[in-house]
Amino acid sequence: MAKIPSQLLKGTLEGALLMIIGRGETYGYALQETLAELGFGQVPEGTIYPLLLKMQRNKQIEAVRHPSASGPDRKYYHLTATGEASIAEFLPSWRQLVGAMAQLEGDKGNE
Amino acid sequence: MSRELTKPMQAKLAGIHGVDHVYAETLVRYLLSFSSKDPREVATTIEAILDDMIDAQQAGQRLPDNFGEDPQAAADEIIAELPNRSRAQWLDYLWPLINLSLVGATLDAFWRRPPAWHLADLTTFALFLLIWVVGAVVRGGGFNQLKRKTTLRLGVWLLLYFGGFVGLAAVVTRLDHQVIGASVLLIFWGAMTVVSLVAYLWRRSLRFYWPVLWGLMTITAAVGPSLPTGSWLALLAVNAGWLVWTAIQATDN
C-alpha cells in the first residue's frame, strides 16, 4: 500500500484518532496498529503523541492508567462527551470533502 | 520532582535494547530537560511513550521507524502540548537553589571574623544558578544541539543568567563588606529553620532535610563553642556530613 503524504494526513488524523478511541478504550501503540490496519499506513508515534496530548488538553479524550493484558500499568485513552461532539462536527466536513473530491474525480473521468 | 530518570523510566528503558536504547534514552533526556513544563505530565508522557516503544521493539520494529526519523521535531511538538509548571511546582524546583545559596552565603559570612558579608558570597548563588538553569538545557543536548530551537533556548537561559548575575551584583555592591553580627546570623538561621519547617509541613515535596540542616547549623553555632572540644568537633562533623548529604540529594534534579 502506498504511503499517504503526511501533509494530506494532517487534517484528518485527529478525527481518525477520535473515531478509533470512540470504538473503545485504547493505548498509543494499539492506535498506531489500528491506523495501519485501516490503511492509513505507518503513522509515526511522534506524530500521534502530540495529537493525543492536544486532544487531552482540549478534553476530547481522557487518560487513565491501569494494568494492561500483557502486564504492567499503562496509559489508556477514552473518549469524552466533548470528543463525541468533535466527531459529530468532523464527519459532515469530511463527507463534504470526500463528496467534492469524488465529484472532481468523476468530472475528470467524463472529460 | 526529580528531572533525572525515574525508576519506572529506568525499568522501561532497560527493556529497550541495542541502538534503539540510545535513541530512546536521548529522547527521554531531551523531554526531561524542559524545566518549565509540569514534571508529572512530562513523566507520565515519557512512560507511555516508553511502553509503546517496548511494544514496537517486541514487534520487530526499529524505533526510528516507529517513532519517527526526526525525534527532536516530534519531541518539540510533544513538549509544546504539555502544561507548564504550576507556581507550587516552580517552588519545588527553586527551593533547593534558594536554600543552598543561603546556606553557602551565610556559612561563608559566619566563619569570617568578625562575621561579614562579601560580594564574593554572590558567587555561591551564581554557581548554583548556573548548574540549575543551564545544566537543564545541556542535559537535553543528546540531539543535534545546533538546531535553532535548542541553541536559542540555551542562549536565552545564558542571557538571563548573566543578566541576573550583573543585576544582583549591582545591588549587592552597596552591601559589600558589611559586618554582620554573629547574633544576627543565628537569628537568620533560626528563622530559616522555622520557615523551611513550615514550608515542608505545607508541601512535603519541599523536603524535611532543609529544616534539619538549618536547625543543625543553628544549634552548632549557638552551643558548639561552649562545648568540650571533642563534642564541638563531633557536632561539626555531623553538621558537615548532613550538609554534604543534603547537597547531594538536592542537586539530584
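Helices here are DSSP runs of H or I with at least four residues, numbered from the N terminus. This is a predicted model, where local features need pLDDT of at least 70, side-chain atom pairs count only at pLDDT 80 or more, and totals for chains, interfaces and linings use all residues. Residues count from 1 along each chain as its sequence is written, chains are lettered from A in the order in which they are written, and side-chain values use heavy atoms, with hydrogens and water left out.

**Stop one: the largest pocket**

Select A:S6, A:K10, A:G46, A:T47 and B:E77: of the 26 lining residues, these are the closest to the centre of the largest pocket. A pocket, on a 1 Å grid over the protein atoms alone, is an open set of points where a 1.4 Å probe fits, with protein on both sides within 12 Å along at least five of seven lines; lining residues have an atom within 4 Å of a point. Its volume is about 580 Å³, meaning the space filled by probe spheres set on the points.

Now colour α1 (6–23) and α3 (45–57) of chain A, plus α5 (71–81) of chain B; each supplies at least two lining residues. Which helix gives the most to the lining? That's α1(A), with 6 residues. By class, the lining has 11 nonpolar, 7 polar and 8 charged residues (Ala, Val, Leu, Ile, Met, Phe, Trp, Tyr, Cys and Pro are nonpolar, Asp, Glu, Lys and Arg charged, the others, Gly among them, polar).

**Stop three: α1(A) against α3(A)**

Finish by selecting A:E14 and A:K54, a salt bridge with its closest N and O atoms 3.1 Å apart (the rule: a side-chain nitrogen of Lys or Arg within 4 Å of a carboxyl oxygen of Asp or Glu). A:E14 sits in α1(A) and A:K54 in α3(A), so the pair ties together parts 40 residues apart in sequence. Over all chains, the count comes to 9 salt bridges.
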